[in-house]
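Here are my notes on the model you sent over. Have it open on your screen while you go through the points.

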Amino acid sequence: MQFDTNTTAMIIGLQNLYNLTTVETSKIALKRMINRAKELGYSTFLSGMRLGVEQWGAANVIDDPVLSLVACPKEAQQQSWQWTQQLMYQKLLEHTSTVLLVNGDIYKWMCDRSSLVLAVWDDQEAEIQTELVYATVSYTHLTLPTKRIV
């Protein structure tokens, strides 16, 4: 499958915080980022479909008929999740434009096909920070977040 990197953005993040205010603030910030990306001409969004930010982003994208979502989950990533989380995950996949199983590092694969990164994370999420550093060093064509919104 080919992607036009000029109109493809990736959604990245985890949400390990269980403070309802922070979660709601993160969801609002992510929705604003997706809407702004749409205004800038982005129409395809890639998501690794991890719990939290990546699924919230996916839900926002599939609610907009103009946008398309490409889900790129790790194989069997949902096996350790609670039943309700697995149910929501399946529901999202049913409404996704395309589901691709990617061999290797999903986030590097998404970086190769995107020109915009929509990221929400907290200071404790070293994995996300590592992925953003990889994107910064390896991909000069990517637009990365310049400040923490939440």
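This is a predicted model: local features need pLDDT of at least 70, side-chain atom pairs count only at pLDDT 80 or more; totals for chains, interfaces and linings use all residues.

1. A word on naming before anything else: helices (H or I, at least four residues) and strands (E, at least two) are DSSP runs, numbered from the N terminus. With that in hand, valine 53 sits in helix H2. Valine 53 counts as buried because its relative accessible area is 1%, under the 20% cut-off.

2. Now the overall layout. The protein has five helices and five strands, and reading along the sequence gives the pattern β-α-β-α-β-α-β-α-β-α. Of its 150 residues, 47% count as buried. What share of the contacts with a separation of 6 or more comes from residues 24 or more positions apart? The figure is 80%.

3. In general, nonpolar side chains tend to be buried together in soluble globular proteins. Here the largest nonpolar core has 24 residues, and the members that touch the most others are Ile11, Leu30, Ile34, Phe45, Met49, Val61 and Leu118. Which elements give two or more residues to this core? They are E1, helix H1 (20-39), H2, E3, H3 and strand E5 (116-120). H1 gives the most, with five residues.

4. Leucine 118 deserves a click. Leaving aside residues up to four places away in sequence, leucine 118 touches Met10, Ile11 and Ile12, along with Met33, Ile34 and Phe45.

5. Helix H3 next. H3 covers residues 83-94, and at 1.5 Å a residue its 12 residues should span 16 Å; the end C-alpha atoms are 17 Å apart, so the two values agree. The buried residues of H3 are Tyr89, Leu92 and Leu93. They lie on the same side of H3, because they cover an arc of only 100° around the axis. As a reminder, an α-helix has 3.6 residues a turn, so residues three or four places apart point the same way. On the other side of H3 you'll find Trp83, Lys91 and Glu94, which are exposed. What covers the buried residues of H3? The cover includes helix H2 (53-62), strand E3 (68-71) and strand E4 (98-99).

6. Then the aromatics. The structure holds two aromatic pairs. One of them is phenylalanine 3 with tryptophan 109, edge-to-face at 5.8 Å centre to centre and 90° between the planes. That pair links distant parts of the chain, since phenylalanine 3 is in the segment before E1 and tryptophan 109 is in helix H4 (residues 106-112), 106 residues apart. Phenylalanine 3 counts as buried because its relative accessibility is 14%, and tryptophan 109 counts as buried because its value is 16%.

7. Tryptophan 81 and tyrosine 89 also form an edge-to-face pair, at 5.1 Å centre to centre with 85° between the planes. Are these two residues buried or exposed? Tryptophan 81 is buried, with a relative accessible area of 13%, and tyrosine 89 is buried as well, at 3%. Tyrosine 89 has already come up as one of the buried residues of H3.

8. A quick check on the cysteines. How many disulfides does the structure hold? There are zero. Cysteine 72 is buried, with a relative accessible area of 0%, and cysteine 111 is buried at 2%.

9. Last, a surface position. Asparagine 6 is in the segment before strand E1 (8-13). Asparagine 6 counts as exposed because its relative accessibility is 57%, and the cut-off for exposed is over 50%. Setting aside residues up to four places away in sequence, asparagine 6 touches Tyr42 and Ser115. Asparagine 6 and serine 43 are 37 residues apart in sequence, and 9.5 Å apart in space, C-alpha to C-alpha.

Conventions
Residues are numbered from 1 along each chain as its sequence is written. Side-chain values use heavy atoms; hydrogens and water are left out. Buried means under 20% relative accessible area, exposed over 50%, partly exposed in between (1.4 Å probe, protein chains only). Contact means heavy atoms within 4.5 Å. A disulfide is a pair of cysteine sulfur atoms within 2.5 Å. The expected span of a helix is 1.5 Å times one less than its number of residues. The arc is that of the directions from the helix axis to the C-beta atoms. Rings of Phe, Tyr and Trp (its six-membered ring) pair if their centres lie within 6.5 Å; planes under 30 degrees apart count as stacked, over 60 as edge-to-face and the rest as tilted. A nonpolar core is a set of buried Ala, Val, Leu, Ile, Met, Phe, Trp, Tyr and Cys residues joined through side-chain atoms within 4.5 Å.
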